[in-house]
Amino acid sequence: MVYLNGEFLPLDQAKVPVMDRGFLFGDGVYEVIPVYSRRPFRLAEHLRRLQGSLAGIRLANPHSDEEWTALIGRIVAEGETDDQSVYIQVSRGPMAVRNHAFPKTVTPTVFVMGEPLHTPPDSQREQGIAAVSAADFRWLRCDLKVTSLLANCLLRQLAIDAGCIETLLFRDGYLSEGAASNIFMVKDGRLLAPPKNHLMLAGITYDVVLEIAAAHGLAHEVRDIREEEVRAADELWMTSSTKEVLPIVTLDGKPVGSGRPGPVFARMYGWYQDFKRDVMRHG
Ligand code: PDD
């Protein structure tokens, strides 16, 4: 069961007109919300980020937070598994003729679906994953979670083509993020993360990792990170709602630190699993 424009219906019956601006222009925004034990994690924060993305593309929010909560609640209740990933998309809806200018009257297309949450296999956590790097050629509003993801797809595909999992992005000599994740580094026992700005998406998992670091007294700092520092890191991690926290053990074919998941990662992973069990699963 998915939700489309006021109706709950089976996925294969959910249809969007070809004149939808989401289809023709990628003119829309989205969210991915992890759900543990049927409890959406940090729903208020996800809805706040959705509101920010909508404001950033000048599209009115079609629903109040209460309405979103009820909608998502129904999708989660009807999902097959207890742990899910809820996808929300709002596009600027259909237009009569193809025209870049916004239609006078906008009827947004609202779509919500739940999928089983597939966290990474144990092997990726135990052995770590391989990454490549590329120049970040995306636009200058990477803080907005927009559906026009072509640049992210092209960049992620570079990793896949190289038999890797993620592509680290550098802009003007600095780390921005991954093609679909945030990136952390560890040097001399200290956790470093790039600051939230227009060059990266403010990940909800990014916030969680920094909060956990603070709660456990792990030295950490949020600041611009130079490419040379990343290439000399003791540890690199990627984070996202669906990948949680994963250690990156090679970058462009060269080992990161020891070339094995590092000790700081091991601690963070343990804390993250405790947090999931004690907090995320309880709402
Ligand atoms: N992507 N940066 C980018 C470019 C992302 O696409 C994502 C997540 C993140 C991490 O955000 P969060 O921790 O809130 O998931 C950072 C989602 C999962 C996706 O596009 O499917």
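Tutor: On a 1 Å grid over the protein atoms alone, a pocket is an open set of points where a 1.4 Å probe fits, with protein on both sides within 12 Å along at least five of seven lines. A molecule sits in a pocket if more than half of its atoms lie within 2 Å of the pocket's grid points. By that rule the ligand sits in the largest pocket. The model is predicted: local features need pLDDT of at least 70, side-chain atom pairs count only at pLDDT 80 or more, and totals for chains, interfaces and linings use all residues. Residues are numbered from 1 along each chain as its sequence is written, and side-chain values use heavy atoms, with hydrogens and water left out.

The shell holds 18 residues, each with a heavy atom within 4 Å of the ligand. Tyr30, Arg49, Glu177, Thr205 and Ser241 are the closest. Domain 1 (2–116) and domain 2 (122–280) both supply shell residues, so the ligand lies between them; the bounds come from an automatic or database domain assignment.

Polar contacts are pairs of N or O atoms within 3.5 Å. A polar side-chain atom of Glu177 is 2.6 Å from a ligand nitrogen. For ligand oxygen atoms, the distance is 2.6 Å to a side-chain N or O atom of Thr205 and 2.8 Å to a polar side-chain atom of Ser241.

Notes
Polar contact = N/O pair within 3.5 Å; in protein donor to acceptor, adjacent residues only side chain to side chain. 1 Å grid on protein atoms, 1.4 Å probe; cavity = no way out; pocket = protein on both sides within 12 Å on 5 of 7 lines; lining within 4 Å.
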